[in-house]
Amino acid sequence: MKLFGHLGEEWDASSFVARVTCHPDLPHVVRAHHVLVASTMGDCEGFAGVLKFDGNSEGASSDCSPRILHLEPSLSYLTEGDVIRIKPRAGEIEVLFRRQSRHNCLVPTTRCNASCQMCAQPFTGHDSEHLRDLMRAIPLIDPSTETLGISGGEPTLLGRRLVDLVRYVRVFLPKTRVEILSNAILFKHFRFAQDIAQAGMPNLSIGVPIHADSPEIHDRIAGRKGAFDDTILGLLNLQRAGVPVELRVILQKPILHRLTALGEFIARNLCFASHVAIMGLERAGRANTVWDDLWADPKDFRQPLAATVTRLLQLHMNVSVYNLPLCMLDPSLWAVACQSISDWKNEFPEQCSACAARHRCCGLFRLEGNPLALTVRPISSDRGGGETSAFYSLECGC
């Protein structure tokens, strides 16, 4: 599934956002904030545009009103309630929100104050209108949305503008849970932690990666000297401000020999965390360039992972395993394995069609270049012993 596409033409106008609608009878007073799907064309006067999924602007008139937006067929999934961003000068479209998805995330910046070696979202350039358009998109998002992510880059680099963005979400989406992904470095300033708490609570949580129990290893992975100390201080400040924190541990070769030690460090020093997510590695962005240095086969950390999760569970911490298919995990972890991979980059290889647990499995990040694509194996519902018990407990998981 693609979240970006080309319009087939460019014109001189500022970027704008609009909600997709299939209703040509929409009241004229709200049409300026909507684009109409072409198959439902009737009276289209006043709409911000008309979507036509053919990818070909040949014969289109730049003088027609509303403008016909020729999109690639791969974007034909767009439907009622989705929110898009049109960039006329670049001839591009960006899908900001999909009403039928559980994996919506706003990315207000791709700048970062660290240089994590496994980062899947490196800096993509400055877009001066992007944050403005995100603010305009929020009132168009379905207010029944359960969860909305805010990620980057590092969103805290926005400073006060991040606080304003979170507050804006709370105003227009008061029931929506906001989940910010941050390295927490700038939350070493307690006032910032307080401000973000006041803007987003009670529907706010912050996910923070922690790479190792060793400052040296953590700093090397983060690509920033002092990152460990700043992150720990930021976590403590968030806890003082009352913000629930999720710790994220990304499974990669440089930390596997200290995985159980990291679990013990979390249990002893960061036991206030509301959730600990231990995550499989995604092959994207910067991780592609150093993949051989980062990638570890799940069979190599199968037992340390099971021991770490078991230890945290024994201490009554809330633990989940993300991004790893069930067949790659020790059966004792099946009940805490989550369907965590965003739907737009989630795939299953052919052999998974015979798996009895496919409906509960996270599958894989995109199959192309994924070393797990040929090694996953179907789980049979008639397995005996402890594996059968674990299989039937899957519905009790996260």
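Biologist: How many cavities of 30 Å³ or more does the structure hold?
Modeller: The structure holds 3 cavities of 30 Å³ or more. This is a predicted model, in which local features need pLDDT of at least 70 and side-chain atom pairs count only at pLDDT 80 or more, while totals for chains, interfaces and linings use all residues. Residues are numbered from 1 along each chain as its sequence is written, and side-chain values use heavy atoms, with hydrogens and water left out.

Biologist: What makes a set of points a cavity and not a pocket?
Modeller: On a 1 Å grid over the protein atoms alone, a 1.4 Å probe fits in a cavity but cannot get out, whereas a pocket is an open set with protein on both sides within 12 Å along at least five of seven lines; lining residues have an atom within 4 Å of a point. The largest cavity holds about 70 Å³ of space, counted as the space filled by probe spheres set on the points, which are joined across faces, edges and corners. Its lining includes Cys327, Cys352, Cys355 and Cys361. The second largest pocket has about 230 Å³ and 22 lining residues, with Leu281, Glu282, Arg283, Phe365 and Asn370 nearest its centre.

Biologist: Why is Phe53 called partly exposed?
Modeller: Phe53 has a relative accessible area of 23%. Buried means under 20%, exposed over 50% and partly exposed in between (1.4 Å probe, protein chains only), so Phe53 is partly exposed. Phe53 is in the loop between β4 (49-52) and β5 (68-70); helices (H or I, at least four residues) and strands (E, at least two) are DSSP runs, numbered from the N terminus.

Biologist: What does Phe53 touch, not counting residues up to four places away in sequence?
Modeller: Phe53 touches Val37, Leu71, Glu72, Pro73, Leu75, Ser76 and Leu78, where contact means heavy atoms within 4.5 Å. Leu71 is 18 residues from Phe53 in sequence, but their C-alpha atoms are 4.7 Å apart.

Biologist: How do you know that β8 pairs with strand β9?
Modeller: Two strands pair if DSSP finds at least two bridges between them. β8 and β9 (residues 147-150) run parallel and are joined by 2 bridges, so they pair under that rule. Leu106 has Ile150 as its bridge partner in β9.

Biologist: What makes β8 (105-106) and β14 (319-322) edge strands?
Modeller: The open sheet has 7 strands in the order β8-β9-β10-β11-β12-β13-β14, with parallel pairing. β8 and β14 each pair on one side only.

Biologist: Which strands pair with β2?
Modeller: β2 (residues 16-21) pairs with β6 (residues 83-87) in the antiparallel sense over 4 bridges, with Ala18 partnered by Ile84. β2 also pairs with β3 (residues 34-37), in the parallel sense over 3 bridges, and there Thr21 stands opposite Leu36.

Biologist: Which residues of helix α4 are buried?
Modeller: In α4 (residues 215-222), the buried residues are Ile217, His218, Asp219, Ile221 and Ala222. These pack against β11 (204-209) and α5 (227-241). Gly223 follows α4 and has a positive phi, near 70°.

Biologist: What makes a set of residues a nonpolar core?
Modeller: The members are buried Ala, Val, Leu, Ile, Met, Phe, Trp, Tyr and Cys residues joined through side-chain atoms within 4.5 Å. The largest such core has 94 residues, of which Ile196, Ile210, Leu247, Ile266 and Leu305 touch the most other members. Another core, of 16 residues, lies apart from it and includes Leu7, Trp11, Val35 and Val95.
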